[in-house]
Amino acid sequence: MYARVAAITAALMGGTALTVPHVSAAPAETVPHVPAAPAAAPGPMIISHRGASGYAPENTLASIDKAADLGFSWVENDVQRTKDGELVVIHDATLARTTDAEQRYPGRVPWRVADFTAAEISRLDAGSWFGSRYAGARVPTLEQYMRRVTRNHQKLVLEIKNPELYPGIEKQTLKVLSNEGWLDRAHVEHKLIVQSFSADAVRTVHTLRPGVTTAFLGTPKTSELPAYARFADRINPSYATLSTRYVAAVHAIDGPHGRPLKVLTWTVNDAATARRVHGYGVDGVITNKPDVVRGAVRGH
Ligand code: G3P
Ligand code: CA
């Protein structure tokens with residue numbers, strides 16, 4: 001097909017098309033319409049993991065701004081809860097790795113997120129550990145985060161992290177999403193995925209708001225996939241566990257909305273691995289370095 005199109009194009013330009021008699025013999029005005037080459041199939045979704053966390057401190061507003069600056073709309077985050085019940089965006093169950101909590105609150109080992117109030121957490125520096133230019137970046141509340149994602153016209157894969165530590169966090173997360181206008185049809189159908197390593201949390205979200213697209217983080221046995229497909233629209237495995245056969249097995253099953261399950265894999269930060277998982281047929285790649293993945297597989 002492509003050779004034929006190329007030959008016809010060359011013929012119209014007076015080139016080597018003379019070697020293609022059935023085309024070159026036709027007068028120019030009667031040359032049959034040549035269909036355009038089909039557009040290249042879109043690459044996988046590219047999701048900036050904890051924001052563009054290879055370049056800016058994870059789960060901060062700076063990290064999603066960086067993703068936006070690089071031209072990426074999908075971002076991923078992690079949601080947990082403070083002592084006084086505020087939802088905040090942070091990955092670890094403790095504050096030690098990504099903030100200055102150890103210096104600021106030396107007596108409060110092990111610096112659990114759940115042991116600090118929102119006001120206390122709001123005073124922490126969540127940027128200096130990554131680089132001095134990010135000094136003063138904060139741990140955002142989910143509300144602050146949603147407003148920035150909205151302002152940036154971005155889309156969100158929201159992870160409910162450690163839900164076993166925070167009873168009712170699924171309902172509370174949905175409430176914040178609703179308050180911020182993220183549970184209307186446009187968002188639910190095109191801009192939001194809620195995921196968790198906890199199947200119970202994913203099932204709860206699906207039960208509370210069946211329209212929301214959900215994802216289970218992990219690699220269930222293929223024999224177990226039909227059970228997950230009752231409440232999860234996506235199966236999101238570590239890239240290290242993947243194969244072409246596994247991706248095909250996931251795609252063969254319809255999810256709770258009657259459409260085939262999809263696969264978003266994590267966390268892929270180099271071009272060779274991006275090409276490998278693209279070859280497996282994944283639908284999305286979650287990455288700290290979205291520009292590297294885009295360079296390798298031309299995703300979106
Ligand atoms: O989105 C996938 C990925 O975030 C899961 O692992 O530990 O980075 O939250 P983790
Ligand atoms: Ca995550």
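Residues are numbered from 1 along each chain as its sequence is written, and chains are lettered from A and ligands numbered from 1 in the order in which they are written. In this predicted model, local features need pLDDT of at least 70 and side-chain atom pairs count only at pLDDT 80 or more, while totals for chains, interfaces and linings use all residues; side-chain values use heavy atoms, and hydrogens and water are left out.

**Helix packing**

Two packed helices are described by the angle between their axes and the distance between the axes. Axes are lines fitted to C-alpha atoms, for helices over the stretch in contact, and angles run from 0 to 180 degrees between N-to-C directions. Helices (H or I, at least four residues) and strands (E, at least two) are DSSP runs, numbered from the N terminus.

| Helix pair | Angle between axes | Distance between axes |
|---|---|---|
| α7 (residues 169–179) and α9 (residues 199–208) | about 50° | 9 Å |
| α12 (residues 271–280) and α13 (residues 290–297) | roughly 55° | within 8 Å |
| α3 (residues 61–70) and α6 (residues 142–151) | roughly 15° | within 10 Å |

At roughly 15°, α3 and α6 are therefore roughly parallel. Angles under 35 degrees count as roughly parallel, over 145 as roughly antiparallel, 65 to 115 as roughly perpendicular and the rest as oblique. The crossing of α3 and α6 is right-handed; a crossing is right-handed if the near helix is turned clockwise from the far one by less than a right angle, and left-handed if anticlockwise. Contact (heavy atoms within 4.5 Å) involves Leu61, Ile64 and Asp65 on α3, and Gln144, Tyr145, Arg148, Val149 and Arg151 on α6. These residues comprise four nonpolar, one polar and three charged. Here Ala, Val, Leu, Ile, Met, Phe, Trp, Tyr, Cys and Pro count as nonpolar, Asp, Glu, Lys and Arg as charged, and the others, Gly among them, as polar.

Helices α7 and α9 pack at about 50° and are therefore oblique to each other. Their crossing is right-handed. Glu170, Lys171 and Leu174 of α7 contact Ala201, Thr204, Val205 and Leu208 of α9, a set with four nonpolar, one polar and two charged residues.

The angle of roughly 55° between α12 and α13 makes this pair oblique as well, and α12 passes α13 in a right-handed crossing. From α12, Ala271, Ala274, Arg275 and His278 meet Val292, Val293, Ala296 and Val297 of α13. Six residues of this contact are nonpolar, one is polar and one is charged.

**Surroundings of ligand 1**

The residues around ligand 1 (a heavy atom within 4 Å) are His49, Arg50, Glu76, Asp78, His91, Glu159, Lys161, Gln195, Phe197, Leu217, Trp266 and Ile286. Polar contacts with the ligand are pairs of N or O atoms within 3.5 Å. A polar side-chain atom of Glu76 lies 2.7 Å from an oxygen atom of ligand 1. For Glu159, a side-chain N or O atom is 2.9 Å from a ligand oxygen atom, and for Gln195 the corresponding distance is 2.9 Å.

**Backbone geometry**

Trp266, one of the residues around ligand 1, is joined to Thr267 by a cis peptide bond with omega about -25°. Thr267 belongs to the loop between β8 (262–265) and α12. A cis peptide bond also joins Val109 and Pro110, with omega about 5°. Pro110 is located in the loop between α4 (101–104) and α5 (118–122). Trp111 is likewise in the loop between α4 and α5; its phi is near 60°, a positive value in a residue other than glycine.

How values were computed:
A polar contact is a pair of N or O atoms within 3.5 Å; within protein, one must be able to donate a hydrogen and the other to accept it, and residues adjacent in sequence count only if both atoms are side-chain atoms.
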